[in-house]
Amino acid sequence: MLPYGRQSISEDDIVAVVDALRSDFLTQGPLIEAFESRFAETVGAKYAVAVNSATAALHLAMRVAGIVPGDRVVTSPITFLASANAAAYVGATPDFADINPVSYTLDPVALEKSWAANTRAVVAVDYAGQACDLPEIARIARNRGAIVIGDACHGVGGAFHPYNEPDKTWKLGGNPWADITTFSFHPVKTMTTGEGGMLVTDNREWADQARILRSHGIVRDPSQFSPIEACAPLAEKGTWFYEMQELGYNYRLTDLQCALGLSQLKRLGSFIARRHEIVATYNQAFAGLNWLKTPALRNPADASTTSWHLYTVQIDFDALGKSRTDVMTQLRQAGVGSQVLYIPVYLQPWYRKTYGYAAGKCPVAEAFYTRALSLPLFPSMTEADVQRVIHAVKKLAGQLPKGAQ
Ligand SMILES: Cc1ncc(COP(=O)(O)O)c(C=O)c1O
């Protein structure tokens, strides 16, 4: 069975993790900083903070940006729950603006229209790996005193071209419009550390604070100790001394995971290139199907720089004469997994009951959802795997070439 996404683990990855297992540190050793600095360099950011999931990175982004109860945080409804949940973790109100019908990313026009006086942050999700219109989202947000948190969980290693600067390439994570960007290293993502995530920013204070919060809010640097002698014998603050200055968490990534991350980073370019090849093969194979829409780019200039994580098609199930469940079952019988990514977040029971959201809120996102299906896309797919998917999809409508079963 081909899943919609899966990790690619090489012998080098295994050796790297085994080496880490044989070292002095299983966690909080030197590989964390090594991974952070290599990652920061790769995505073009000044600072990177490794954490144990992108959910943790998004939560820390909210904390360091000072998002508090009473604030409103807007994101795309077509995302994984974590993009919105992070705002709720800090007591703010997650809200949603509609998507662009081509890219399925947050639509700046809808964002501007939905703006409220208490909107303090926008979580800009690069759905499937395609960059949002970050310059426009940042213009809207910054003019109104809000910040932009990039959720580039789908887009590790990706880059984009602003409309008004077609010759300029900016990286997801290293661009002037996202104040903080978060990445996920879950196994279905472009590179993996098992579970894991990264927060990147050019803001030194935020990076330092995120590092403190990822480990219980503990400070060990004497220059940062508070002047209030509250919790230790007075005058004795030896090397053993520490202070908890904020309420933090255990969001630490381990050395074992960073060993894997460092090893995977070496192959990030080849992962992205193989994903490109598969996307191109699918696009060509599905081009003639009038009941299926292939993924499209909002800005065609991004064709070579998009780091595709998902291959999500839109299927006209009525025209096909089959329900989505029937289609998924038929694909599964052919050994092809598929997934619905995503159900608009505000339609989830918790969001409805907590914030009173209801169907009809974001019509473009809802129309997208009723037709969405993500097909297998991961670098270790062989040509035979890719052809199996194409064959199974075409067979849904009996559109196979003569002689093929
Ligand atoms: C867009 C998006 N944001 C956030 C997350 C959360 O990532 P993690 O599983 O690393 O917490 C995911 C993971 O699925 C995601 O797809």
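Seven strands line up into an open sheet in the order 1-9-8-5-4-2-3, with mixed pairing; here two strands pair if DSSP finds at least two bridges between them. Helices (H or I, at least four residues) and strands (E, at least two) are DSSP runs, numbered from the N terminus. At the edges of this sheet sit strand 1 (47-51) and strand 3 (93-96), each pairing on one side only. From one strand to the next, the twist averages 20°. The model is predicted, so local features need pLDDT of at least 70 and side-chain atom pairs count only at pLDDT 80 or more, while totals for chains, interfaces and linings use all residues. Residues are numbered from 1 along each chain as its sequence is written.

Ala50 faces Met198 of strand 9. Elsewhere, helix 6 (residues 134-143) lies across strand 4 (119-125) and strand 5 (147-151), and runs at about 150° to strand 5. Angles run from 0 to 180 degrees between N-to-C directions, with axes being lines fitted to C-alpha atoms, for helices over the stretch in contact. Two residues are in contact if their C-beta atoms, placed from the backbone, lie within 7 Å.

There is also an open sheet of three strands, in the order 12-13-14, and its pairing is antiparallel. Its edge strands are strand 12 (292-293) and strand 14 (372-375), each of which pairs on one side only. Strand 12 is joined to strand 13 (residues 311-315) by two bridges, the two running antiparallel. Across from Lys293 stands Gln314 in strand 13.
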